[in-house]
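The stops below proceed from one selection to the next.

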Amino acid sequence: PDPSCKDIPYEITFGTIDHCPDRNIRNRYALQLIRMAFAKRDNKLVVKVWDKYGKKIPASALRTQCKSYYAGAVGNRELSTVAFAEIGYFNPLLNYNTNNIKALYKHIPNSKHLELCVENIVNQHFDNRFGSNITSHKAQKQESEAFNKTAEEILADGKSNNPALWKSAQAAFAYIDGDNALALNLIRQADSLKGTKNVKENIRMMRLLFLASDTTTNDSLYENALLPDLQWLVAQIRKDQNTNKGFYYDEGYEYEEITGFPQHRVKILRRTILIEIISRFEKEGRPDRCLAYLDVYSSLCARAIDKHHKLSLNYGSHFLIYADTTNVENVKKHLALLKSGGESDMDKFLVKNSSKDYNFLNELIGTKYMRTESWDAAIVYLKKVPEKFLKSQNIEPYLSSSNPFREQWITTSKQGKYTLAESPWKEYRDNPTKLQFCKTM
């Protein structure tokens, strides 16, 4: 609406429309009158023109335009919700609450927009609980109760051809509210109900997430329960990568060239591993198991583009940071797991989907031993690292001029001035690496 239009007289009136003999032009006059009324903020006239002329316009872009103005001017949230849904304009529905979803269901019980609206309200609830927009527990509880009541009414009504949507949303609210047992029970019920392909896939992802947050089972039963859905989800993400060649996942909340369901899959895997699984094994004092799961996640979702535009490991990933900061014995256990191939089905899955970057792990273990001045132990691992790997590291271009392992020795020139010379050890001078440094020590 433009306030400057307020005093401009209408050039089109009801009489102009009524006396126009051409139906197509008459419909266009109706649209122009609606546009002028909307610009002048004359919402009553917008509604009146729609009721008198707009409703009679056949399905077309012209009718959609007229109805979009009506939806913005009607002044009734329920009628506005229905109007926006009918013309397929989803954005105004994004911030709607449970009452608006209930209104949309009342008029269009199987609107394709209901699935998106429910997804959005669950995501908002999730962000309010765990994200940056944290609200009070009381407000969360009230919203959760309101949605669950509406979902129960819709399920009892029986008009929805997508009942799994409503039951799975109830499960999501239970998980967000901290009742994991209820969430698992509801998601299993949802899986038995009729639902769209996207809803059914989302149910499987949520089941994996809820199982990962289960603290009531021992480790073997816990991992056996996770394995089928975890295998499936990883396979789906790999399929996304193979289908959309050229995009990569940047670990964190930024996803390059990835939207929609592929992005949702990565987010579910992220929360399953980084929040639920890692939290469990951290509490149990098993950081080596954390490394195994982080290796799978980072090798799949923490790709980086190198200077040759090829995919390589991201050295800022959760796996590499965790490996760098944990005790050396944990990294050695992870390396041993990779070399053994694993014993249990979960072990074998983790090994199969890990980066298996033995050069990185050997170099890291050797570096960790250097930190404690365990030179002999460091040599055992550093001597396994080929020169090709060392030259592939991002720091390699800087080593020729500022290698921290190229010792500088002070000498005196003929003029009596102090200058710097390289290490006197020939093998170290010719190849100033961590390995040679350990040998000299």
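Select phenylalanine 14 first: its relative accessibility is 21%, so the residue counts as partly exposed, where buried means under 20% relative accessible area, exposed over 50% and partly exposed in between, with a 1.4 Å probe and protein chains only. The structure is a predicted model, in which local features need pLDDT of at least 70 and side-chain atom pairs count only at pLDDT 80 or more, while totals for chains, interfaces and linings use all residues. Residues are numbered from 1 along each chain as its sequence is written, and side-chain values use heavy atoms, with hydrogens and water left out.

**Aromatic pairs**

Rings of Phe, Tyr and Trp (its six-membered ring) pair if their centres lie within 6.5 Å; planes under 30 degrees apart count as stacked, over 60 as edge-to-face and the rest as tilted. By this rule there are 12 aromatic pairs. Phenylalanine 14 belongs to helix H1 (residues 14-18) and tyrosine 53 to the loop between H3 and H4, so the pair ties together parts that are 39 residues apart in sequence. Helices are DSSP runs (H or I, at least four residues), numbered from the N terminus. Tyrosine 53 is buried, at a relative accessible area of 10%.

Next, select phenylalanine 281 and tyrosine 293, a stacked pair with 5.9 Å centre to centre and 20° between the planes. The former lies in helix H13 (residues 260-283) and the latter in helix H14 (residues 287-301), so parts that are 12 residues apart in sequence are tied together by the pair. Both phenylalanine 281 and tyrosine 293 are buried. Then display Tyr105, Phe147, Trp166 and Phe173, which ring pairs link into a cluster.

**Charges over rings**

A charge sits over a ring if NZ of Lys or CZ of Arg is within 6 Å of the ring centre and within 35 degrees of the ring normal. At arginine 280, the charged end is placed over the ring of tyrosine 222, 3.9 Å from its centre. At lysine 384, look for the face of tyrosine 381, with 5.1 Å to the ring centre.

Proline 58 is in the loop between H3 and H4. Which residues does proline 58 contact, leaving aside its neighbours within four places in sequence? They are Asn27 and Arg63, contact meaning heavy atoms within 4.5 Å. The C-alpha atoms of proline 58 and asparagine 27 are separated by 9.5 Å, although these residues are 31 apart along the chain.

Now select the buried residues of H4: Leu62, Cys66, Lys67, Tyr70, Ala71 and Ala73. They cover an arc of only 170° around the axis, which puts them on the same side of H4; the arc is that of the directions from the helix axis to the C-beta atoms. These buried residues pack against helix H2 (23-39), helix H3 (43-52) and helix H5 (77-86). Just after H4, glycine 75 has a positive phi of about 80°.

**Helix H18**

Finally, select residues 358-371, helix H18. Of its 14 residues, 11 are buried, among them Phe360, Glu363, Lys368 and Met370. The packing partners of the buried residues are helix H15 (318-325), helix H16 (328-340), helix H19 (375-382), helix H20 (387-392) and helix H23 (434-440). Glutamate 373 follows H18, with a positive phi near 60°.

How values were computed: Helix = DSSP H or I, 4+ residues; strand = E, 2+ residues; numbered from the N terminus. Expected span 1.5 Å × (residues − 1).
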